[in-house]
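Dear colleague,

I am handing over the structure below, together with an account of what was found in it. Please read the notes with the structure open beside them.

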Amino acid sequence: MNEPRVPGPPVTTPGTTAPSVATHAHAAPGPRTSLGPVGLVLAGGVSVQFGAALAVNLMPRAGALGVVTLRLAAAAVVLLLFCRPRLRGHSRSDWGTVIAFGVTMGAMNGLFYQSVARIPLGAAVTLEVLGPLALSVLASRRLVNVVWAGLALAGVFLLGGGGFGDLDLVGAAFALSAGAMWAAYIVFSARTGRRFPQADGLALAMAVGALLMLPLGIAESGTKLTDPTTIALGSAVAVMSSVLPYTLELLALRRLPASTFAIMMSLEPALAATAGFLILGQALSLVQAAAIALVIAASMGAVRTQVGRGKAGTPPAPVTPVAPEA
């Protein structure tokens, strides 16, 4: 799955992974600067989903848990070297929060990769998006969000061919579980962002997630994880799914309104389906494409409802970006 890309306290709307837009919401750009940051966000989304497709191709060499281990470990090394977080001066509560964040991150990625090993990438991301979408709807407590929830459920029903007969049930269960972990990730990411400066908390949590997955990856893949080619490919997945999109989105959020960013994140299932088709040959039927479109529409509707609520003077419920591929 996609490691969430979150440089600071994240916002929440369905789906990947993404940098906090809460602290950048005031930096709404004018029309002259909108094209640049939009392009950066799209490039980050493409990188995340094509990185996920590369991870699927790597699974026969290292297994799903082995790929997760390599990805989290490589991303943790990069973030720790870049952020150099302080280990002293934090309370027991701070460490409890960052450890919970790391455990959630590791579980989210492990479950997502188990899912894409069994069902198409586009379907897995669509089901996973339901976790953040459910959190967004419940947090907003507005009747209109029942409409968005119903739209999303209709999309899921179509995706399963009217009864999930076309999808591997175990893979679908893994994707839905990853979505639940994604919702928990959003909560702990926000708490971590309030307790740690910059991306220090994210770097430490990534290390915790890597350590959590290490014994599982070794148990499944053993010495395969020491193969130079496997390590190189796993590092490429980490760069494409974590380091590169994190950097691009961090640059984009300096000029892009939070509402625009969140809505663009809702396109992650479509990007995942495209990557699955181009890289993995996972073609979608018209019904499955319509199902993904319904979930994307529900995600965008939930975001726009929250943004409108905020502009009306009522503090909006936290909205978090789509894209579990951390």
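A salt bridge is taken here as a side-chain nitrogen of Lys or Arg within 4 Å of a carboxyl oxygen of Asp or Glu. The model is a predicted one, in which local features need pLDDT of at least 70 and side-chain atom pairs count only at pLDDT 80 or more, while totals for chains, interfaces and linings use all residues. Residues are numbered from 1 along each chain as its sequence is written, and side-chain values use heavy atoms, with hydrogens and water left out.

The structure holds two salt bridges. In one of them the side chains of R61 and D227 meet, at 2.8 Å from N to O. This pair links distant parts of the chain, since R61 lies in helix α1 (residues 31-62) and D227 in the loop between α7 (200-221) and α8 (228-252), 166 residues apart. R61 has a relative accessible area of 35% and is therefore partly exposed, a class that lies between buried (under 20% relative accessible area) and exposed (over 50%), with a 1.4 Å probe and protein chains only. D227, at 28%, is partly exposed. D94 forms a salt bridge with R195, and the closest N and O atoms of the two are 2.6 Å apart. Here, too, distant parts of the chain are linked, with D94 in helix α3 and R195 in helix α6, 101 residues apart. D94 counts as buried because its relative accessible area is 11%, whereas R195, at 35%, is partly exposed.

As to the overall architecture, the protein chain comes to eleven helices and zero strands, where helices (H or I, at least four residues) and strands (E, at least two) are DSSP runs numbered from the N terminus. Of the 326 residues in the chain, 53% are buried. The accessible surface comes to about 13,100 Å², and 69% of that surface belongs to carbon and sulfur atoms; such areas come from the Shrake-Rupley method with a 1.4 Å probe, and for residues only the protein chains shown count as cover.

The largest nonpolar core has 60 residues, and F112, Y113 and L121 are those with the most contacts inside it. Helix α2 (residues 64-83) gives the most to this core, with eleven residues. By nonpolar core I mean a set of buried Ala, Val, Leu, Ile, Met, Phe, Trp, Tyr and Cys residues joined through side-chain atoms within 4.5 Å.

V103 lies in helix α3 (residues 92-116) and, at 37% relative accessibility, counts as partly exposed.

Helix α6 (residues 169-195) has 27 residues and should span 39 Å at 1.5 Å a residue, which agrees with the 39 Å between its end C-alpha atoms. Its N-terminal end is capped by D168, a side-chain oxygen of which lies 3.1 Å from the backbone nitrogen of V170.

R84, in the loop between α2 and α3, has a phi near 45°, a positive value in a residue other than glycine. Most residues other than glycine have a negative phi. At 70% relative accessibility, R84 counts as exposed.

With best regards

Key:
The expected span of a helix is 1.5 Å times one less than its number of residues. A polar contact is a pair of N or O atoms within 3.5 Å; within protein, one must be able to donate a hydrogen and the other to accept it, and residues adjacent in sequence count only if both atoms are side-chain atoms.
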